[in-house]
Amino acid sequence: MRANPTEYELVAPGTLQEALALHASEPGSWLPIAGGTDLMVLYAAGRLQSRKLISIAALRELRNIEVASAEVRVGAGCTYTDLRQHPVITKEFPLLARAAAWTGGIANQNRGTLGGNIANASPAGDSLPVLLAYDADLILVSASGERRIPYRTFHTGYKKTLLAPDELIHSICMPRNLSGYKCYARKVGARNAQAISKVFLAAMVRISNATIKDIRLAAGSVGPVPIRLAGTERALAGQPINDSLLELAGKVMAEEIQPIDDIRSTAGYRTVVLRNLLGEFLQSLPGARFAS
Amino acid sequence: MRFCAYCEGVKLTESEETIIGTSVPRKEGRDKVTGAARYVDDIRLPGMLYGATVRSKIARGKIKRISFSPEIDWNEYVIATAKDVPGKNCIALILDDQPCLVDGVINHPEEPVVLIAHPDKHALAKAVEGVVIESDPLPAIYSMEGSEKQSEIIWGTDNIFKSFLIEKGDVDRVWAEADFIVEGEYFTGAQEHLYIENNGMIAVFDSVAGVTVWGSLQCPFYVHKALMALCGLPEEKIRVVQLETGGAFGGKEEYPSMIAGHASILAMKSGRPVKIVYDRLEDMVATTKRHPSRTRHRTALRKDGKILGGEIDFTIDGGAYATLSSVVLSRGTIHAGGPYLWPSVRIRSKAVATNTPPHGAFRGFGAPQSLFAMERHMDRIAKIVGLSPVEIRRRNFLQPGQTTTTEQVIREPINLSDLLDKSLAHASYKAKKENFARENKTSSIKKGMGIAAFLHGAGFTGSGERYLDSVVGMEGTADGSVRILVSSTEFGQGTNTVLCQIAAEALGIPYESVTIAQADTTIVPNSGPTVASRTAMIVGNLVRSAAIGLKQTLQLDGTLKKTFKPAEFGAACRKYVAEKGLLRSLARYNSPEGVYWDDVTYKGEAYAAYAWAVYVAEVSVDLTTYAAKVENFVALQEIGKVLHPVLAEGQIIGGIAQAIGLALYEKVLWQNGRMLNGQMTNYIMPASCDLPPIRVVFEEIGNPHGAYGAKGIGELPMDGPAPAILNAIVDALGVPFDSIPLLPEDILEAITRRVQSRQQITSPQESPC
Ligand SMILES: Cc1cc2nc3c(=O)[nH]c(=O)nc-3n(C[C@H](O)[C@H](O)[C@H](O)COP(=O)(O)OP(=O)(O)OC[C@H]3O[C@@H](n4cnc5c(N)ncnc54)[C@H](O)[C@@H]3O)c2cc1C
């Protein structure tokens, strides 16, 4: 432990309102801490700069999963275990349940939250490509009110987000009625568990008459932020399923990602493997017969 | 007991053998499971300070100035530098070249320069940052090639810590007769031990009693020797006590002397107890790792695949100081020829200096490195000669009566061909190979089978055991139980349990009636370091002798009858102690007769016993992610005698897991001599879900030099998996791989290179694999 606990202050307000009021009192100087599974790693390494922490871990207001007719609203404070155990999530949003199951180990899943994964804004966050593929919205709250934004606009640069200094992520809204979609996700890490992603692809597609009607592709760890592969989606939309799809898509995809060489992998590996994952997904579509 | 005629001589027990060969509960198991076991970080002494180490940031240079940040109130801290070393500023081991604290010249990153201590451990991190070491950098060397070029001399006169030459027969003549000459070059990387418990020590100084240290360590008397020199105190004024130790793997063989030294210097300067416990980052970047290696083979073969002779060039990266590199090199050199008959061979080896933290002891101790090369090379030979990997090995296996590269005669009735056949049968090798050849054509997951045959010598090399001159003690106590006195330590591998089993067996008393003393240098004799797979075999045998001595003392005295029941033994102990006082027996190592070893020519009996093994790996490579996964593993070995089946199997499985890490996952990323990825998120060791089902099979032909026929097994399982796995990957993909760790990125690169070279019609030559 390289941090000195006496240099830190931690308060745990009993209600969301109190937390927001404190947050608003000195905007930017209080850092929310939920499960602490990202922040405590920094703390242990002596690299947690913020000295004032508001614990939001026990706020019940942030831990609901609300099932409305058009969408499901997941409280930002829901843990990975909450997600894995919720019947509507596992049935209708299996990619999120899977991403939750792939995140760290059981202990980490019992504490780590979805809101924490989003706010932490790592390009390798495993639920993030999934939320992008589900076209999620975020509800952000502050003492002065709340706003709703499309999640795909949230990450503005490496570790930069639209979250204002006095705001909290309140919940994540995912539209329902995805029954016509076929979905896919694969995490590629350095080992089969307890691994940070080298590449992540989440994909959804709706097909009719052997033609791609709607396709959503979202990738992690191939740029400064998790991204929707919008160009690739455009290239594939409306295409009949045939063996030139991957070639068509692979080129566009390579141009819209910005992978880097880092401590975990290489840009070259990330590019090739992301293409392979896309190939694996396309290959799995009914009627696909092309070689990957 | 199933002993062959060869070992009949060791069946010396009169009693029914019920303890040896059974899986009795671990001696310290209950305390570990209930949390009662006390590790160094659990211990707090009154008035204790916490110590921390300020380390060099550069790889090489001259210190100009050490300054202390004015933002910190240094009056609260105890500060020590090289000036405060009471005795000789070195870590006494083999050569005394490594300073305990840098005195002027920095030779590697993370080298200890300044020590600080404070009553509040949280006050340390910032203070460490507040010490600024200004230095003039000197050119540094970061690779074996750089060291060999000698553009900078960073150690001695030629950057070479040690070199060896083994010569057998006349290898210069074989090249002309050879039908095939096969060359190959093989590399292995550094590996971090990743014991669960990080390194830690507590030191206390008292002007009358001297220095006492408690800590996590393998070799109490190594620490003892180092502290005598460092503190300038006589033998009796240094006391070293091992606490419960949470794993070691060789990583707590030499470095604990450094930490004990630091804690002692601070304790002597402050007059207060001082505890130093490393966190994971410090432990990973600053302490020892497995030596990286490069091996070159050039082998002459006959048409039928028989080895005529060869040259082997083995080089290891020792880091900045000599530490244990010479002995690691020795073992690697002796194992370089594998379990094969070399009618002639020349093995040249050297350990070179680089400006990285010194590499050190790690399970296998050089053998995994040179055996990796040998076993990959066998597959390359097979391919070129046109034989299967199975057949090439079979034709060259050592047989009883033949000699190893050091001209040690194989006296035991080992049949390696038979081990090979059994191992292949357990792995369904033939059927699987056929299936994979068919399935691989259409699948994006390519599968392959690989084998490795190898041996591992137990005990110190050559004359080492004679020099160690180990002593074991045993006491009968006033309550009728028996206590073993050894400096051999428990760190998870089962020392306590197995030694108590041996004593109980030899005395004919229940396992529960035997305990083992804490390894405290004021109480136990020096039974040698707990390394080199020597404890069960060599120390175990001494425990058995000491037990027999104890029994004879009671019998000669008339207190105990010739034949007795366990309860009668207890009663005899009680009576003897009550009437006569101390009941103690000592046993000293006697080197076996007729054993010859020449330290100069490196000829003779390198080891008293070898364990033999054939491992088979089944591996898949997913061409979507280029990740290789070990799907199944068969580990068949001849280990003399299995003393404790659960512990023995645990050693094998654990070693294989660690070796899978060495082969496919664990990569130290170096930047200017410093480890960049000193965190478990970035230094990837395999987790349970990355491990295959492992089938462990034991063969037992006994060993006249080991307790109840046992041979050492601790290191053996580290040797074979990496080459077996790489051979399987080569089998699956048809692309040669000669370097470990082999990561998905490397597999992708090799495949891409092959595709590219295929596209260039001008260069149709493919490298053989
Ligand atoms: C051993 C281990 C393994 C891990 N494995 C993975 C993995 O496989 N995949 C993966 O993606 N991650 C992994 N992580 C990272 C981490 O668990 C996740 O990112 C987790 O979702 C973080 O949630 P938390 O609640 O613990 O966040 P915290 O650490 O509490 O906070 C993280 C950040 O989010 C902010 N924050 C939290 N909640 C809110 C909110 N409601 N509104 C605004 N800001 C908020 C905090 O201020 C902080 O900046 C791992 C971590 C560990 C320690």
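Author: Gln651(B) lies in helix α17 (residues 645–665) of chain B. Helices (H or I, at least four residues) and strands (E, at least two) are DSSP runs, numbered from the N terminus. This is a predicted model, in which local features need pLDDT of at least 70, side-chain atom pairs count only at pLDDT 80 or more, and totals for chains, interfaces and linings use all residues. Residues are numbered from 1 along each chain as its sequence is written, chains are lettered from A and ligands numbered from 1 in the order in which they are written, and side-chain values use heavy atoms, with hydrogens and water left out.

Reader: Is Gln651(B) buried or exposed?

Author: Buried means under 20% relative accessible area, exposed over 50%, and partly exposed in between (1.4 Å probe, protein chains only). Gln651(B) has 16% relative accessibility and therefore counts as buried.

Reader: Which residues is Gln651(B) in contact with, leaving aside its neighbours within four places in sequence?

Author: Contact means heavy atoms within 4.5 Å. On that basis Gln651(B) is in contact with Arg363(B), Gln493(B), Ile713(B), Gly714(B) and Pro717(B).

Reader: How is the span of helix α14 of chain B to be read?

Author: The expected span of a helix is 1.5 Å times one less than its number of residues. Helix α14 of chain B (residues 495–507) has 13 residues and reaches 18 Å from its first C-alpha to its last, close to the 18 Å expected. Because 13 of the 13 residues of α14(B) are buried, the helix is largely enclosed by the rest of the structure. Just after α14(B), Gly508(B) takes a positive phi of about 70 degrees.

Reader: Which strands pair with β5(A), and in what sense?

Author: Two strands pair if DSSP finds at least two bridges between them. Strand β4 (residues 65–67) of chain A pairs with β5(A) in the antiparallel sense over 3 bridges, and a hairpin of 3 residues joins β4(A) to β5(A). In this pair Val67(A) stands opposite Val72(A). Strand β10 (residues 168–175) of chain A also pairs with β5(A) in the antiparallel sense, over 5 bridges; here Arg73(A) stands opposite Cys173(A). Of the 5 residues of β5(A) (residues 71–75), 4 are buried, so the strand is largely enclosed by the rest of the structure.

Reader: What area is buried between domain 2 and domain 3 of chain A?

Author: The size of an interface is often given as the accessible area lost when the parts come together. Buried area is the accessible area (1.4 Å probe) that two parts lose on being put together, summed over both. Domain bounds come from an automatic or database domain assignment, which for chain A gives domain 1 (5–55), domain 2 (60–175) and domain 3 (182–283). Domains 2 and 3 of chain A bury about 1,900 Å² between them, with carbon and sulfur atoms giving 65%. In domain 2 of chain A, Trp102(A), Pro123(A) and Pro129(A) lose the most area to domain 3 of chain A, together 27% of what that side buries.

Reader: How many salt bridges does the rule find across the interface of chain B and chain A?

Author: A salt bridge is a side-chain nitrogen of Lys or Arg within 4 Å of a carboxyl oxygen of Asp or Glu. The rule finds 4 across the interface of chain B and chain A. Asp622(B) forms a salt bridge with Arg186(A), with the closest N and O atoms 2.7 Å apart. Chain B and chain A bury about 2,200 Å² between them, 53% of it on carbon and sulfur atoms.
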